[in-house]
Amino acid sequence: MARLFLLAAAVASGALAAPQAATPASSSISSDSTPTSVSTSVPSPTGSPDATLPSQAPTPPKQAWCPSNIFCAGALLQTVNIAQLYPDSKTFVDKPTSKSADQVSTDFFNLYNNSQGQPVTYGGISNFVQTDFKGEGLELTATTIANNSSPKALSSSAIPDSLSHAWAGIVNGYWGSLIRETNREVLCPNNPSGCESSLIPLNHTFVVPGGRFREQYYWDSYWILEGLLTSELYDVANSTLQNFMDELDRFGFIPNGGRIYYLNRSQPPVFIHMLSRYVNVTKDTSILDRALPLAEKELSWWAKNRTISITSPYTNKTYKVSHYAVNNTAPRPESYLEDYESANGVVGGNDNPGYTDDQKANLYAELASGAETGWDYSTRWTKYPFSTVGNTTNQEPLLRGLNVRGTIPVDLNSILYGAEVRLADLYDRSSSSSSSHSKRAATASSHRQSAEARKAAILDLMWDPEKVAFYDFNSTAGARSGFFSAAAFYPLWNDIWPTEVLADESKTQALFASVGLVLAQYNGTFPATFITSGAQWDAPNTWPPHQYIVMEALNNVPKNLSTKAYPTLSSNTTSWSLVPSNQLGLDQSQLPVQNLAAGGNAQGDLNWSNGTWTSGGAVPNNGTEKWNKALLRGMANRYFTSVFCSWYSTGGSIPGLLNQLSPQELNATHSDPTSTGHMYEKFNLQDIDAAGSGGEYTVQAGFGWTNGVVLWVAANFGEILETPKCPAISVQQTSKKRWGIGWNKGEETAYVGKRVKGRDGRYLVEVTREQTDPMRK
């Protein structure tokens, strides 16, 4: 008989169950974290070895900021990508050469100028890469750190639920798998006579996100730092900041990541937020002697390179505001093939859009600017975002319609406002002997004035009092975008509260109505947007940083605006009815639907019963819980459960507390008994035990910011965490096909024992099982 693993939580059929428990015993976490090995890849060309490479478009101009003839735009990089040797374009540009840069260039030249006059073949390019390049990431070395196995914030008294406490301890031990140092013994000198590498060497220990992200990244590190501080790994947290300060010293800004191909762009500027968190937790103000001048350099770079003047169509006032705008006229090296095909059509295909060189250059600038946002990519950044509703089969119209540089992002400007406020506070705390108290006070005052000017711009350009929400400002159209996303909560995270909200608690509740909607109508966590496009920063994907930001925004609600209880939902008062008119820019019928494992789908408050949300924690017995605390409880439990259940369904176990799933069950999740559970980078609005999907690369495991937010949730909401309840793995005594969330019913080809991928990136899995598992019904 066939047994089907259904990814959806079967709310209607009661298929939520606690993970199978083992015989109770005490659990222990090792104080040392064993480093993981750095893996490498070998070429696997898409054509036969003797086949000639397809024709290719002329190479784009050289980029002044990326001078390498090997790892930057040019004939070599384009030809290797045309051969499609690796599933991920980033693999090649992370491989150091095994020969001198001059010899590599000569070897490549000889491929095209051989004595036989033969055309370049897939086999020729593959042999060239294997001969002239080493394994990706070999300039980095995994290292061992001594973890604090019992941080105070993760104690059993702080987290009373035994399973939640034990799992937080497991996650606390994961830092050792992600810790790296520069391996200076194999580091390339990056000159013509020596080997060449794309790595930007770092002087201090750092934590990588995981997977393909094998170097330090900018905005990921904020949530990694939150986790390190919770784990009391203060030295590693300090090293993280020191690396960023080294980059500010060297480059004048913090690049997207630790590779030379990121030197034309940054990421959301959270360095000052990180510095503030570090000082607040550790009380180490000595770091400010070095940090404050470099924080000034960070703000100056954004002011000089990413700031423009906008005149408000609402008040006619002119403001200085910031946007993402990368100077770039070539494909991104780490995503070369993807960008090349967006501008020129699929290699070997017939879908060339016929762009001029200027149009290609404009598209490449938009793609790089989209990567700078951290949200690469989303319908949020397009000229006509609502036109992408429901189109998940082709990403090119979305990418070719990007308008990133014409968007004034509410999240970016809120971060920069928060940076100025925090920097002023840090000047107040500094006792540096290099400047007088009066000078520091004057500098702090100047930053507060700048912050107030930016706050005024945000409230004028981006706050919509009718819809009760913040939106990006579209400078192309000269109006607010009206496109709702998780960015709407960034001002609240940074304590920007409109006057109308401060005067009316009901409006404050309306600001967060979408949070209650997600908890009540869906199985998973809060999405980047409510539009399903196939892009990874759209529904159904949900991201750990956004869960953190929504929770921090809820934490920041002023006490005088949180005096009421959360409304009791009913047929008359639904979660949708609480959302202000047109706040989401969508009708209810246009929202993503919650499919059911038992079949079909539904809209409505499926996850609300007995005064709370499924996987949302228990209502306190004292009856005094206020509405924002209720939403916080729901968000904290839902996120914790989502990450836990994804980990558990891919092999996670806890000795003495939680048995690993059976081999048959792990086979259904494309795992095996050697797997110990995956911590994914993104999750799912509709499935509480599934990773996200879509985008330019496969879902990554590791994962730095996921771990950081888990530990932050455990430390801040441990007392209200309930035992996670994961969807049961359904065993069917039937050979009929069953479909879970996201499976295309028009693609009903199933293969016993295989995992079949549909167009939307989701999976149907069918495996053979001899009898029904009595433990999971």
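Which residues are buried in α12? They are K360, A361, L363, Y364, A365, E366, L367, A368, S369, G370, A371 and E372. Buried means under 20% relative accessible area, exposed over 50%, and partly exposed in between (1.4 Å probe, protein chains only). This is a predicted model: local features need pLDDT of at least 70, side-chain atom pairs count only at pLDDT 80 or more, and totals for chains, interfaces and linings use all residues. Residues are numbered from 1 along each chain as its sequence is written, and side-chain values use heavy atoms, leaving out hydrogens and water.

**Helix α12**
- Helices (H or I, at least four residues) and strands (E, at least two) are DSSP runs, numbered from the N terminus.
- Twelve of the 16 residues are buried, so α12 is mostly covered.
- Those buried residues pack against α10 (288–305), α11 (336–344) and α13 (396–400), where contact means heavy atoms within 4.5 Å.

**Salt bridges**
- A salt bridge puts a side-chain nitrogen of Lys or Arg within 4 Å of a carboxyl oxygen of Asp or Glu. The count is 24.
- K95 bridges to E136, with the closest N and O atoms 2.8 Å apart. K95 sits in the loop between α2 (90–93) and α3 (101–112), E136 in the loop between α4 (122–132) and β4 (140–142), 41 residues apart. Both are buried.
- D107 pairs with K99 at 3.0 Å, N to O. D107 counts as buried because its relative accessibility is 17%; K99, at 26%, counts as partly exposed.
- R633 and E625 form a salt bridge at 2.8 Å, N to O, and both residues are buried.
- A network of salt bridges links K90, D94, E139, R214, E215 and R259.
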